[in-house]
Amino acid sequence: RNYDPRGSPERQRSRSPPASYRQPDPMKDDPSVIKIRGLPYQTTAMEVCRFFKDCEIVGGPNGIYFPLNERGLPTGEAFVEMETASDIDKALEKHKDCIGERYIEVFESRMSVMERVKKTSSEGGVKGKDAGRDRERGFRGERSFGNRERGFGEEGDGGSGRGKEVS
């Protein structure tokens with residue numbers, strides 16, 4: 001038998017380094033989150049909560065983050081923070097289920113990815129309950145002006161649309 005510098009036959013079978021040489025798992029301190037894609041642009045946080053009704057979402061609707069594109073419009077994606085690993089597993093089972101006519105892709109992602117998207121997303125994106133309010137914008141992202149029930153004028157001008165006179 002030839003001399004083998006790697007040592008005993010047991011040691012030869014194992015290709016992983018001994019425990020004393022192993023690096024700590026970098027993902028251990030980076031919790032999992034759910035990323036969903038394919039959302040209708042007008043989807044609200046409450047609709048996402050209903051979609052994941054069998055899962056516990058951290059903070060309910062406030063645990064959902066909707067990134068915005070460079071024009072400040074929804075991307076059709078969202079990140080959802082789940083309470084437990086079991087909730088993440090249940091959420092992953094919803095892959096290709098539908099919201100309305102759209103099938104939704106469900107992926108496991110990491111908190112660090114979500115945080116990076118938050119930093120680079122236009123206007124910081126929209127989180128939770130604010131999503132419904134911010135999505136009441138027009139098709140191109142314009143905001144309406146004045147009192148919607150009375151028209152586009154200033155509140156209290158009778159809806160004439162002229163606003164306040166400047167003297």
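**View 1. Strands E1 and E6 sit side by side in a predicted model.** Strands E1 and E6 pair in the antiparallel sense, over 6 bridges; two strands count as paired if DSSP finds at least two bridges between them. Zoom in on Lys 35 and you'll find its bridge partner in E6, Phe 107. Helices (H or I, at least four residues) and strands (E, at least two) are DSSP runs, numbered from the N terminus. This is a predicted model, where local features need pLDDT of at least 70, side-chain atom pairs count only at pLDDT 80 or more, and totals for chains, interfaces and linings use all residues. Residues are numbered from 1 along each chain as its sequence is written, and side-chain values use heavy atoms, with hydrogens and water left out.

**View 2. An open sheet has 5 strands.** Its order is E6-E1-E3-E2-E7, and the pairing is antiparallel. Which are the edge strands? They are E6 (105-110) and E7 (126-127), each pairing on one side only.

**View 3. Helix H3 lies across E1 and E6.** H3 runs at about 150° to E6; that angle is between N-to-C directions on a scale from 0 to 180 degrees, with axes fitted to C-alpha atoms, for helices over the stretch in contact. Look for Asp 87, Ile 88 and Ala 91, the buried residues of H3 (buried means under 20% relative accessible area, with a 1.4 Å probe and protein chains only). Seen down the axis of H3, they fall within an arc of 105°, so they line one face of the helix; the arc is that of the directions from the helix axis to the C-beta atoms. These buried residues pack against E1 and E6.

**View 4. The largest nonpolar core has 22 residues.** A nonpolar core is a set of buried Ala, Val, Leu, Ile, Met, Phe, Trp, Tyr and Cys residues joined through side-chain atoms within 4.5 Å. Among the residues with the most contacts inside this one are Ile 34, Ile 36, Phe 52 and Met 82. Elements giving two or more residues to the core include strand E1 (32-37) and helix H2 (45-51), and H2 supplies the largest share, 4 residues.

Note on methods: Buried < 20%, exposed > 50% of the residue type's maximum accessible area, 1.4 Å probe, protein only. Contact = heavy atoms within 4.5 Å.
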